[in-house]
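This report concerns the structure shown below. It treats selected side chains, salt bridges, helices and the chain interface in turn.

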Amino acid sequence: MIVRPQAAILLSLLGAGWAGCHAPPAAAFGYQQVVEQARTLSKSSYKPAPPVPERMADLTFEQWRWIVHTRAHALWPDSNFQVTFFPAGYLFEHPVKIYLVEDGKARHFGFDPSLFQYNPDKIGGPLPAHNGYAGFRLLYPLNRPETHDEVASFLGASYFRMLGAGEAYGLSARGLAIDTGEKSGEEFPVFRAFWLVRPPADAIQMTLYALLDSESMTGAYRFVIHPGDNTVSEVTATLFARKQVKTLGLAPLTSMYFHGYGDHKPERAAFPGAHDSGGLLIHSASGEWIWRGLTNPPVVWIDHFSLPQLRGFGLMQRDRVAEHYAPGQRYAQRPSAWIEPKGDWGPGNVELMQFPIPNETVDNTVAFWVPDQPLTPGQSRRLSYTITWQAGQPIRSPLGRVIHTFVGTEPEGARMFWIDFAGGPLAGLPADAAIEPMVTVQGGTIVKQSLSRNDKIDGWRLAVHVLAKDPDQRPLLRVRLAHDGKVVTETWDRIVFPR
Amino acid sequence: MRRPAAVLLAVLICPAAWGFSYHVVVDRARDLAGSPYQKPGPIPEFLDHLDYTQYQGVKFKRDRALWPQARFHVQFFSPGYLYKDPVQVNVVADNDIHRIAYDPTYFTYPDGIDASRIPPNLGFAGFRLHYDPPGQPDDAKEFLVFLGASYFRGRALSMDYGLSARGAAIETGMDHPEPFPRFTEFWLVRPAPNAGIMTAYALLNGSNVTGAFRFTIRPGQDVLRMDVVATLFLRREVAKLGLAPLTSMYFYGIGDHRPPAYLRPEIHDSDGLLIHDADNQWLWRSLRNQGEVTITRFAMPTPQGFGLLQRERDFDNYQSLHAHYQDRPSLWIMPTGDWGKGQIELVEIPTADEYHDNMVAFWVPEQSPQSGEPLRYCYRMVWNANGPGSPLARVVATRTAERKTAKVVIAEFAAGEPSLTHQQLQTDIQVHGGKLLHTRLRRDPAYGVWRLTLRILPTRGERLRIRARLLHDGKPLSETWTYAIQPPIKRNP
């Protein structure tokens, strides 16, 4: 049964709250209660929620997606924020518990089949009475005052995604990534319960809590969501370790890069680009901005960007030109997501994992922060950060930016790159300004390098041809521009794969 | 150079009464056709052997240009490198013809060229015209070049050079090497100081053909117009006579898969052949660079116009900081009067770089003249950005992709009429050499196009030919788009 263990936890949490806090006995339900639940949960071993009935798990995506909780029947119909639910089923076979928090009290919101419109003949009968929810969407008048559009969705494992105004869903975030890219296999923590705090009717922000659970970790999450041109989600997570993990991935982002405007398109593609994110941007405490253009690599590839302290990182969809993408997918409107820690996360590294995909339907890019300091069993850690979802460039660095990267291969095997830089201190410089390329390569040789003024972008184009020292090497190429001895651009950074 | 006696006599006998006229050149061409073809003599070896860089170093001195007081100015090219056949240039002024002799003081020469060794009466390789637009004196812009064989290329003053034209194309795209007739002599009529029009005459000579050309030249900021009168004489029967030939380059485009060593999205001087036929149909053939020489023929009565166009005008799709492909002109040919029946022929030759012209289009008349009989025809050439601007939805892109066995071919038409939906349109699609598996028409507001997507199973070993257009209320809404894909070349292992 689904209900009992959760109810037990809730009871124990309430008990802990009353016993251990200075708050008055009638304390409103809040984040601390979820934290105590996560702490309690971490002391017992992991038990996944029981799955839905088999016939629901056997549904195809097409069958499942037509079981619809329509906007017309959304929760809180007279409010700015409204909620619709996804039914458990298909791949989402472990239901999540939903609680509504109103007037300081949390109330279980049981599964209600009547919320959904569907054709029972298409799914082998009516929805089971206790089927459960897979997740939910938040609606908000994001684009027009009179229309409730989707602003966020929480669905599957610890995945969630959000939108700024005028955007279309692209990359996703997760609560936590555990052992991603490890040979022993990745662990996918799940949000197993959510508490949706009912906001006032005219609210412009909304709070929800989530309880995370996995073999190795539990966690309590608070999301405060501010929809807008930039939809900002403030995240607080309190993690409890059951077991030692190899890679603790904080603030993970998941995206897709198949091919882009500057690449050679695959045989099956008729249009220049297909990607949800074009690059990984990192802002280190030293003031450096690193731009790593994404690729569809020939092999699984993991990079570590080691930093003494993180100011921010994100997966960016910088190229906003519709004609650079396959049509109908709104790739030019996919949001970027920028992670900014609150407080000092200490030393660690941004890990980027990419793997080869045969088409654009599979995510192949993951980025997250791995703190140097591990979390040992029994320990807990609290961290806070914001995720900004918006068009193009959430954070405008003061430096010149990478506008485009064009790639090619010399007949002799050297990889060719053209990197277009513009903006920041480059803007308005005369064409004969003393711009100096700063190029470094590890594991390879620069066989050609030339810098050209690019009037079309009020910037410069650097051409670099790199030959690997030997065929097994994957050179690391880093490029930036200086003016009068001062760095004036981001660092363009690339692993050079053979073609 | 020898000057045929007939013309000299004519000029000597009645200069005042005759002056100089087109008939003089026609008579020269007729006489020339009646005598055996003579190859031009060689130029001195030290000029013959110039490489590209050395040749670029031979520069005409700007202040020696003809007609400093007029809006038109003429500069000359010195023979050498690829341009080994000297031409004679005459100026017609005040009812007088005088030959412009090669003068080493016209040029600066790079180190290694001893100007004192240049023989007298060398002749030029060709010439170019500059023009001062009204109100912009001393801002002479180059807009027309005659250089090499019968090649010339022009541009609107605001544009760049791109494709070329020729006087005539003889037996192009056949199994034997193409004979290239050449302009051997020019007569430039000195324009009045304020004139915006000038006239040039040219004598064509080749092993199979001679001809007389008159060019009336009207430069402009956005368009260069040239009215051409041509008279050809065949020395012998010609297997294929190409009139008003255009020569261009198409390496690859947005719909192709670009070669590994290239980083730019598109490289071409022209992206399509447009035909406006006598029945008012507009036909667009997207160009393609594929594995073997491809000849496509469009048989019809005299068309209203045809030309090679450069429709893609966005730097974003070229990304060359030097070549300015987005600024290269289209060239539109409008026959004047009736050319009779014939066919427009498009010859597509494979190329592996952007430095070789590989696209040729011309008119082949059904009836070739008998040798000795003149073939007289006239046409207007329009060098501008977008060609004639058809009233129908223009083809703006052709794209291709591969599926396991099928091909996806996409035609994009510029979408006007925002009120129309795809349900209101009909498609007229013909596929030869393959089976049409799937058709989809959608309007794409993000691209501003109607997109017609075809999935086709090509017949093995056959050339795939496609023709499609959009209809509304039974009337054509779009140009007729055509495309051809060669089967993969079988290579012996």
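With which side chain does the side chain of A:Asp493 make a polar contact of 2.8 Å? The partner is the side chain of A:Arg478. The model discussed here is a predicted one.

A:Asp493 lies in strand S31 of chain A, which covers residues 491–495. With a relative accessible area of 2%, A:Asp493 is buried. Beyond neighbours within four places in sequence, A:Asp493 is in contact with several residues, including A:Ile290, A:Trp291, A:Gly293, A:Phe305, A:Leu476 and A:Leu477.

A:His283 belongs to strand S16 of chain A, residues 279–284. Its relative accessibility is 12%, and A:His283 therefore counts as buried, the limit being under 20%. The side chains of A:His283 and A:Trp289 are joined by a polar contact of 3.4 Å. When neighbours within four places in sequence are set aside, the residues in contact with A:His283 are A:Glu288, A:Trp289, A:Leu310, A:Arg311, A:Gly312 and A:Trp338.

## Salt bridges

Side chains of opposite charge can pair when their charged atoms come close. Over all chains, the count comes to 43 salt bridges. One of them joins A:Asp213 and A:Arg242, with the closest N and O atoms 2.6 Å apart. This pair links distant parts of the chain, 29 residues apart: A:Asp213 is in strand S10 (residues 206–213) of chain A, and A:Arg242 is in the loop between strands S12 and S13 of chain A. Both A:Asp213 and A:Arg242 are buried.

A:Asp420 and A:Arg461 also meet through their side chains in a salt bridge, at 2.7 Å from N to O. Here strand S25 of chain A holds A:Asp420, while strand S28 (residues 459–468) of chain A holds A:Arg461, 41 residues apart. A:Asp420 is buried at 1% relative accessibility, and A:Arg461 is buried with a relative accessible area of 4%. In chain B, the side chains of B:Arg166 and B:Glu178 form a salt bridge of 2.8 Å, N to O. B:Arg166 is in strand S9 of chain B, and B:Glu178 is in the loop between strands S10 and S11 of chain B, 12 residues apart. B:Arg166 and B:Glu178 are both buried. Salt bridges with shared partners also join A:Arg71, A:Arg137, A:Arg144, A:Asp149 and A:Glu150 into one network.

Nine of its 12 residues are buried, so H2(A) is largely enclosed by the rest of the structure. Among them are A:Tyr31, A:Gln33, A:Glu36 and A:Leu41.

Helix H3 of chain B (residues 22–33) also has 12 residues, and reaches 17 Å between its first and last C-alpha atoms, close to the expected 16 Å. Its buried residues include B:Tyr22, B:Val25, B:Arg28 and B:Leu32.

## Interface of chains A and B

Contacts connect 35 residues of chain A with 28 residues of chain B. The two chains bury about 2,400 Å² between them, 56% of it on carbon and sulfur atoms. On the side of chain A, A:His264, A:Glu267 and A:Lys456 lose the most area to chain B, together 20% of what that side buries.

Across this interface there are zero salt bridges, whereas 21 residue pairs are in polar contact. Strands S24, S25 and S27 of chain A each give two or more residues to the side that touches chain B, and S24(A) provides the largest share, five residues. That side of chain A divides into 17 nonpolar, eight polar and 10 charged residues.

How values were computed
Residues are numbered from 1 along each chain as its sequence is written. Chains are lettered from A and ligands numbered from 1 in the order in which they are written. This is a predicted model: local features need pLDDT of at least 70, side-chain atom pairs count only at pLDDT 80 or more; totals for chains, interfaces and linings use all residues. Side-chain values use heavy atoms; hydrogens and water are left out. Contact means heavy atoms within 4.5 Å. Buried area is the accessible area (1.4 Å probe) that two parts lose on being put together, summed over both. A salt bridge is a side-chain nitrogen of Lys or Arg within 4 Å of a carboxyl oxygen of Asp or Glu. A polar contact is a pair of N or O atoms within 3.5 Å; within protein, one must be able to donate a hydrogen and the other to accept it, and residues adjacent in sequence count only if both atoms are side-chain atoms. Helices (H or I, at least four residues) and strands (E, at least two) are DSSP runs, numbered from the N terminus. Ala, Val, Leu, Ile, Met, Phe, Trp, Tyr, Cys and Pro count as nonpolar, Asp, Glu, Lys and Arg as charged, and the others, Gly among them, as polar. The expected span of a helix is 1.5 Å times one less than its number of residues. Buried means under 20% relative accessible area, exposed over 50%, partly exposed in between (1.4 Å probe, protein chains only).
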